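Reader: Hello! Could you take me on a close look at the enclosed space inside this protein and at what surrounds that space?

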Amino acid sequence: MVQALRFALDPNVTQEQRLRSHCGAARAAYNWAVSWVVASWWQRKAEASYGIGEEELTPWRPWSLPALRKVFNEVKKTDPRFADWWGENSKEAYSTGLANAAAAFDNYATSKRGQRQGKRVGMPRQKSKHKARLACRFTTGTIRVEPDRRHVTLPRLGTIRTHESTRKLQRRIANGTARILSATVRFERGRWFVSFQVEIQRAADRAAARPDVAAGVDLGVKCLAVIADSQGTVRFVPNPAHYDGALTQLKRLSRRLARRRGPDRRTGQEPSGRWLAANTERNRVHHRVANLRADALHKLTTGITAEYGSVVVEDLNVAGMLRNRRLARKIADAGFAEIRRQIAYKTDWTGGTTVVADRWYPSSKTCSNCGAVKAKLPLHVRVFICDACDLVIDRDENAARNLAALAAAVTTGTGVAGDPGVPAPKPREADQKTRATTRSRKATGGRAGGATLPHQRQQETRDRHQDTETQHALR
């Protein structure tokens, strides 16, 4: 299987300049590819406005990686944007930008045709020098981990010292159970990292400790996860809330930063030294919170997948949940989507199975004892009380037990809600989304989903009043 291993780097001043030069070259190649392809689109649009026929329009420029690479290799020697310095960097830097541009155009084309899930992808745009992320990928050349386990060697960059030991990867390479496919350098959270894409042969003894036991994981804000297994054991994992713990310090540092003279690109104002120092101190706190969160999530997901053979998670609408202004900060700090992503690929490592419950599966509204489904269960109700069997249980624990039972239902095919191809029961539409707030007055949808004009609403109001008066008269 293919796995990525990331290590922090400690480059010297010269090496850091080379790293930034390679990442800048990737950004320049990406911007060239975007402008080169889009130029033909605007040219065709201008020609069509003059009545030129389809056959006589400027031909479309291809955006595949081989085509972009062929044209760029000819242009870079004469274009003044590249002619003076393109030889200072590895060819892999320019190939990285061209590959990203080709992928961006492919995503735009598939999204425009309706073949891509998620939000619509717009036309690729050029990357700003001030906002673009610094990254560069190497696929050929000298890419190795040194035997001293403290250095890595990359093309044109030479040997760079690592901040941490690389024994986890170097031991596998020495044993012949790993092979490096590519390396990506990236600047994030205030330091440089190198990620090795490695083909690893995993041993068969890395299976889960209890492969026959299924676990349901219910994610929340107060408790980060409630884990209930098929044997009746329930475990509560408290939310570490790293961001809330650093919120007071971040507010203080943000106020200090606001009092300094910051940069302003509109007027060309440069930031003061005090502003740069305050910004660095605030970013250090943000980076620490992000590192603590990543460490906690990896420990949680590794423990779950190493113990259970089947793990059931919910298909949460995290993007929709973040629109709740009262819970957005808590939900973003918890990292629900990251937990599901890590569980999905870590179960593959242990030979387990990840079951994703349907988004409308009523795990919280269903009684884990008798199976009765409540019609409504508001979010502020934290204790589940069954009207059929009088079961009183914590809301999150009840949901986790239902998710654990769903794993057995999916694997055995019992025909209950959550089975592939089997519709879920809908008592009084209990599995549909519950409206927590009143309908906005700005909504433009009418009774049939179309726009409702003011005079139409007035006529409907008069009709309702007339019907009410008629009913009172008949009584």
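Author: Happy to. A helix here is a DSSP run of H or I with at least four residues, and helices are numbered from the N terminus. Please keep in mind that this is a predicted model.

Leu224, Asn239, Pro240, Ala241 and His242 belong to the lining of the largest cavity, along with Arg293, Ala296, Leu297, Asp333 and Ala334. Sorted by class, this lining has six nonpolar residues, two polar ones and two charged ones.

The largest share is that of H7, with three residues.

Staying with H7, let us turn to one of its residues, Val289, which is found in this helix. Val289 has a relative accessible area of 4%, so it counts as buried, the cut-off being under 20%. Beyond its neighbours within four places in sequence, Val289 is in contact with His242, Tyr243 and Ala246. One of these partners, His242, is also among the residues that line the largest cavity. As for Ala246, it is 43 residues from Val289 along the chain, while 7.5 Å separates the C-alpha atoms of the two.

Terms used:
Residues are numbered from 1 along each chain as its sequence is written. This is a predicted model: local features need pLDDT of at least 70, side-chain atom pairs count only at pLDDT 80 or more; totals for chains, interfaces and linings use all residues. Side-chain values use heavy atoms; hydrogens and water are left out. On a 1 Å grid over the protein atoms alone, a cavity is a set of points where a 1.4 Å probe fits but cannot get out, and a pocket is an open set with protein on both sides within 12 Å along at least five of seven lines; lining residues have an atom within 4 Å of a point. Helices (H or I, at least four residues) and strands (E, at least two) are DSSP runs, numbered from the N terminus. Ala, Val, Leu, Ile, Met, Phe, Trp, Tyr, Cys and Pro count as nonpolar, Asp, Glu, Lys and Arg as charged, and the others, Gly among them, as polar. Buried means under 20% relative accessible area, exposed over 50%, partly exposed in between (1.4 Å probe, protein chains only). Contact means heavy atoms within 4.5 Å.
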